[in-house]
Amino acid sequence: MSQPDGGYRVVRLGVKNWNHSVEVVKNVNSTDVVFAGFVRAIQAFRYSNGNFIDVSSEYTNQYSGSWAGTFRAIVDPITGLATRIAGAGSHQNTDSNIYSLSEWGIRLFEKNSSVWTVVQEFWQKVSFTVNWISWQLTAGTNSVVTINGKQYFGGGYDETCVMPSLNANGPRLLIAKMGAAQDTKGKTLVAGQTYSEQEATPVNIYNFFEIDSMGNLKQITSPIINEETQSNFNFFDCKDINNDGFPDLVSYAFTRPGFNERVAEGGKPTIYINNKLGKLVKVDIGYLPKNTAQSELQSNMTDANGDGIIDLLLYGSTTHAGGGEIKINLLKSKIQLP
């Protein structure tokens, strides 16, 4: 929490969890911070009179267990108040006694009084289930989805953002990232067979939904040109990074030497610049500085010195592996399309 003297204080809330999704929800008379994780139920806290109040019960519903993947408040563009929430979802095969899904999806929720209602649903069907050995060598199961004739492991939605209109008059967009993996040898996947994550490469695919004036969603064709799908990342930004008044898209992809992933990029992100014609175009990042540490690396883009130009922060995921140093690269010019 920020302090008047320019410092901060740490406030620890709730119980320990493997938290992944976080959202600040602005209501009529309150602002809540809401956490969803993979171990425990959703946790929510309201700041009031200098203290945080546990209001988890106001967000708990029969579907919120899936929000650990992702959830995002859909706000009224005029008032800035949250009217609906879009969250990840899944359907378990009812005739299976193991973890076996029939669909991955996105649900749109609305709350009336204390009752949460599903307003819309969008689903990606699971083709079948396979046995799965994770990178930690843990045995389990995994889904296989088929998209445009290609088979992928996984297929769940694991991060979302709300993007302003791509052009002057269009609707806002909900962008949902589908996390998956692809067999490195291109084998045809077969139901019930065993596959290893160590023989798969990460795949992340963006899905786009228009948000109309009522907060409803409509799935649309991706506006990305030259999408880089075979990279591994958790988070991304939907913001204007070159100060031209149009939102851009930045994927904070990992460099992981141990898995031979994006080693040449040295932690640099994947950047899609808005061409002001309704498209997001991948740009060449070769000229940007990189981190040379031989460890897992990632990045962030923000204006670090307040000069109106977005800068590039490169840092390691783990300090003990020698990649913990944060490198702040102050860029001298705005990132532009060729």
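This is a predicted model: local features need pLDDT of at least 70, side-chain atom pairs count only at pLDDT 80 or more; totals for chains, interfaces and linings use all residues.
Modeller: Residues are numbered from 1 along each chain as its sequence is written, and side-chain values use heavy atoms, with hydrogens and water left out.

Biologist: How many helices and strands does the protein have?

Modeller: Helices (H or I, at least four residues) and strands (E, at least two) are DSSP runs, numbered from the N terminus. Going by that, the protein has one helix and 23 strands.

Biologist: How many salt bridges are there?

Modeller: You need a side-chain nitrogen of Lys or Arg within 4 Å of a carboxyl oxygen of Asp or Glu. Counting by that rule gives 13 salt bridges.

Biologist: Which residue forms a salt bridge with E58?

Modeller: The N to O distance in this pair is 2.8 Å, and the partner is R46. E58 is in the loop between β4 (51-54) and β5 (71-75), and twelve residues away, in strand β3 (residues 43-48), is R46.

Biologist: Is R46 buried or exposed?

Modeller: Buried means under 20% relative accessible area, exposed over 50%, and partly exposed in between (1.4 Å probe, protein chains only). R46 has 17% relative accessibility, so R46 is buried.

Biologist: Which residue meets R262 in a salt bridge?

Modeller: Look for the pair at 3.2 Å, N to O: R262 and E228. R262 sits in the loop between β18 (248-251) and β19 (270-274), and 34 residues away, in the loop between β16 (224-225) and β17 (236-239), is E228.

Biologist: And which residue does K282 form a salt bridge with?

Modeller: The closest N and O atoms are 3.3 Å apart, and the partner is E228. K282 lies in strand β20 (residues 280-282), so this pair ties together parts 54 residues apart in sequence.

Biologist: Which residues are linked with E23 in a network of salt bridges?

Modeller: This network joins E23 to two partners.

Biologist: What radius of gyration does the protein have?

Modeller: The radius is taken over C-alpha atoms, and the globule rule is 2.2 Å times the number of residues to the power 0.38. For 338 residues, a compact globule would come out near 20 Å, which agrees with the protein's 21 Å.
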